[in-house]
Amino acid sequence: KETEEVFKVKKSSYSKKIVKQLKKEYKEDLEKSKVRTEVNSPTDVEPPLEKTGQIKDIGQEDGTENSEHGEEEMEVESEKEEEKPKAGGAFSSALSSLNVLRPGEIPDAAFIHAARKKRQMARELGDFTPVDSEPGKGRLVREDENDASDDEDDDEKRRIVFTVKEKSQRQKIAEEIGIEGSDDEALVAGEQDEELSRWEQEQIRKGINIPQACIYQPAEVNNLYYQNTYQTLSYGSSYGIPYTYAAYGSSEAKSQKTDNTVPFKTPSNEMTPVTIDLVKKQLKDRLDSMKELHKANRQQYEKHQQSREDSTKAIERLEGSSGGIGEQYKFLQEMRGYVQDLLECFSEKVPLINELESAMHQLYKQRASRLVQRRQDDIKDESSEFSSHSNKALMAPNLESFGRDRVIYQEQVKRRTAEREARRARRRQAREQTGKMADHLEGLSSDDEETSTDITNFNMERDRILKESSKVFEDVLDSFYSIDCIKSQFEAWRSKYFASYKDAYIGLCLPKLFNPLIRLQLLIWTPLEGKCRDFETMLWFESLLFYGCEEQEQVKDDADISLLPTIVERVVLPKLTVISENIWDPFSTTQTSRMVAIVQKLVDGYPSVVNAENKNTQMLLKALLLRMRRTLDDDVFMPLYPKNILENKNSGPYLFFQRQFWSSVKLLGNFLQWYGILSNKTLQELSIDGLLNRYILMAFQNSEYGEDSIKKAQSVIACFPKQWFANLKGDKTISQLENFCRYLVHLADTIYRNSIGCSDGEKRNAREHIKQIIKLLASIRALDHAVTVANDHNVKELKILIEGK
């Protein structure tokens with residue numbers, strides 16, 4: 001009744017059949033706990049089998065061989081027993097005899113036979129559990145039965161432990177449903193009908209397929225074997241039951257067992273008894289955990305709800321502002337397409353613009369080269385005309401001094417001479433008409449006149465290039481080549497969406513974008529010509545002048561502010577570089593003045609040009625210096641004639657000498673016009689070392705000493721920038737002018753010596769010339785030389801002359 005009441009706890013969770021089986025299994029376990037006994041047997045006697053059919057090998061160290069031997073013996077004996085008649089009563093009495101074996105009693109042959117018969121029955125019924133094949137575990141190998149009686153007295157104290165190490169699944173289920181192992185009445189209730197209950201137990205165990213095997217520990221068994229001691233683990237301890245049962249045995253036997261056995265370690269998987277308080281505690285803990293989980297889920301739910309509300313608000317806000325973004329996206333897409341089309345257009349037209357620009361530069365270069373070559377040929381012709389014939393010319397009278405055919409050469413010389421004299425006559429006539437004939441000196445005019453044929457050919461080629469340039473964009477819409485249209489597109493972008501305009505770096509891209517269009521407008525722009533238009537008055541400059549200035553407040557670091565300076569740097573400076581290298585003639589004072597004016601204008605008005613690290617500025621200055629050095633090396637020529645030839649001032653050699661001298665002085669003045677643009681060191685190297693000391697001083701020494709030399713010296717000093725001498729300290733001038741100062745001192749001495757023995761009027765003229773020389777020395781800050789001249793010639797007005805310089 002108590003068992004049935006216990007099973008009512010969770011009876012609804014199981015079927016009736018399962019509950020019935022569990023009841024039977026529980027009764028069988030209680031019955032088996034009474035059957036287990038402790039038997040002291042010698043080593044040779046085979047111990048009784050455990051209920052699972054597994055055998056512990058405690059007699060041999062070599063477990064494998066003993067197991068095989070034991071199996072063979074048991075199989076042979078089982079075959080013999082099968083032949084014997086099976087009597088139900090005898091077998092029941094034999095089985096019941098297993099329960100009456102007292103502790104310390106030696107089993108007889110009938111007991112051993114009953115154990116074997118029990119195992120054979122299990123085999124026939126299919127309930128025999130095979131021996132565990134795990135390594136380290138083996139079946140008990142029994143020794144020969146004939147040797148069992150030899151060591152009975154020696155091993156009486158050895159005990160064999162029959163116990164279950166682990167709980168079966170059935171026992172765990174029984175504990176969960178509330179069956180307590182301490183129920184004595186339930187244990188007593190299953191003592192009857194032992195054979196039937198055992199068979200039912202094996203069938204249930206087979207059905208649930210949970211073998212209840214003992215945990216075999218070889219090390220402990222061997223230890224027990226050598227100690228000749230076994231321990232019986234109580235049935236209740238392995239199933240979590242606080243009571244232990246022994247089938248039979250007196251209190252003395254139990255005390256002897258306790259004293260002589262080594263305690264067996266209790267398995268670690270023991271379960272505490274299930275009580276109502278424990279169940280309540282577990283249910284309470286589970287309820288608390290569920291409440292905490294519910295609280296966390298509730299918080300997560302509220303968080304998701306808040307996130308959903310925020311997302312809804314964001315959607316509403318973005319939907320309200322999506323109109324402006326859509327318009328911006330549409331505008332940017334249109335600008336993207338426009339820019340792509342514009343770049344594709346430029347990719348086709350820019351090569352044509354480059355070709356036209358190169359053709360125009362080549363046209364101007366050819367004209368400039370032709371003029372320079374004509375001047376060089378004229379100098380060679382005049383020099384050859386007034387020089388003596390070389391020995392080579394005497395040996396080969398049909399050849400001129402350069403080895404060319406004399407007849408052809410003389411015809412060319414005559415033609416060039418006639419053209420040269422005609423140009424000079426026209427210039428002389430023009431000076432007479434303007435009244436400048438008195439102040440003019442031969443060699444100061446630039447011989448850059450062209451023939452009508454050359455002018456016509458030049459104009460025809462230039463017109464052809466201009467005509468071709470007008471056809472470059474004739475097949476293109478205005479929005480893709482007009483600067484105003486292109487500018488308006490980007491101004492709209494700048495005014496509407498300045499952030500994206502700035503992020504796209506449009507301010508840095510516009511100079512490169514306008515570059516080909518501006519170069520096309522500057523195709524015939526040449527600042528060396530008097531009728532050339534100033535680039536600041538052109539349409540492209542006026543159109544881009546106020547780009548990006550429509551806002552009231554300028555943005556910091558706005559690249560559009562420097563749009564025009566950047567265009568000038570990238571378009572105008574490269575064009576000036578080409579003009580300086582190929583077109584500019586340093587001998588022409590007019591061209592030099594115009595070139596200096598345009599460069600000075602860029603230096604003063606455009607900060608990027610002044611920057612020394614600017615690549616385009618460096619290229620321009622380098623081109624200017626190369627052109628000046630080339631002129632100094634190729635075009636300057638100073639003839640040397642005896643003084644008796646130069647005495648005739650109407651002779652050809654004298655006129656040629658004077659022309660070359662004054663052309664050198666003019667070149668000196670042209671070089672020094674670059675003061676303030678080129679460095680002083682570079683200018684002094686070119687003008688003083690390269691021109692004055694190398695050519696002009698040589699002409700001074702070859703000239704007559706008198707008023708003409710003083711006039712020439714005054715012209716040379718007038719070319720020098722006054723800033724060179726303003727900041728000089730001491731009485732000495734710059735080192736490069738030291739030779740020129742010595743010449744002036746020598747000139748004063750020569751004039752004084754030539755005046756000795758002359759009339760008083762000539763002496764007064766000589767003294768005035770010496771005072772002029774002192775002024776010239778003071779003007780170039782050569783005070784030491786001025787004092788020397790004054791002291792040598794007894795000039796007392798030195799202070800007045802120096803201050804009146």
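Reader: Which residues does Phe535 touch, leaving out those up to four places away in sequence?
Author: Phe535 touches Leu522, Trp525, Trp540, Phe541, Val568, Val572, Ile598, Leu602 and Tyr606. A touch, or contact, means heavy atoms within 4.5 Å. This is a predicted model, in which local features need pLDDT of at least 70 and side-chain atom pairs count only at pLDDT 80 or more, while totals for chains, interfaces and linings use all residues. Residues are numbered from 1 along each chain as its sequence is written, and side-chain values use heavy atoms, with hydrogens and water left out.

Reader: What makes a set of residues a nonpolar core?
Author: The members are buried Ala, Val, Leu, Ile, Met, Phe, Trp, Tyr and Cys residues, joined through side-chain atoms within 4.5 Å. In the largest such core there are 126 residues, and Phe490, Phe535, Trp540, Trp674, Phe720 and Phe740 touch the most other members. Helix 12 (residues 276-386) gives the most to this core, with 12 residues.

Reader: Why is Leu624 called buried?
Author: Buried means under 20% relative accessible area, exposed means over 50%, and partly exposed lies in between (1.4 Å probe, protein chains only). Leu624 has 0% relative accessibility, so it counts as buried. You can find Leu624 in helix 23 (residues 615-634). Beyond its neighbours within four places in sequence, Leu624 is in contact with Ser580, Trp584, Met595 and Trp674. Ser580 is 44 residues from Leu624 in sequence, yet their C-alpha atoms are 5.7 Å apart in space.

Reader: And why does Pro351 count as partly exposed?
Author: Its relative accessibility is 39%, so Pro351 falls in the partly exposed class. Pro351 sits in helix 12.

Reader: What makes a stretch of chain a helix here?
Author: Helices are DSSP runs of H or I with at least four residues, strands are runs of E with at least two, and both are numbered from the N terminus. By that rule the chain has 32 helices and two strands.

Reader: How do you know that the length of helix 20 agrees with what it should be?
Author: The expected span is 1.5 Å times one less than the number of residues. Helix 20 (residues 563-582) has 20 residues and should span 28 Å; its end C-alpha atoms are 29 Å apart, so the two agree. Helix 14 (residues 406-434) passes as well: its 29 residues should span 42 Å, and its ends are 41 Å apart, which agrees.

Reader: Where is helix 20 kinked?
Author: The kink is centred on Glu569 and is about 30°. The bend at a residue is the angle between axes fitted to the seven residues ending there and the seven starting there.

Reader: Why is helix 20 described as largely enclosed?
Author: Of its 20 residues, 14 are buried, so helix 20 is largely enclosed by the rest of the structure.

Reader: What is the phi of Arg781?
Author: Phi is positive there, about 65°, although Arg781 is not a glycine. Most residues other than glycine have a negative phi. Arg781 lies in the loop between helix 30 (760-779) and helix 31 (783-792). Asn794 also has a positive phi, about 55°, and is found in the loop between helix 31 and helix 32 (798-803).
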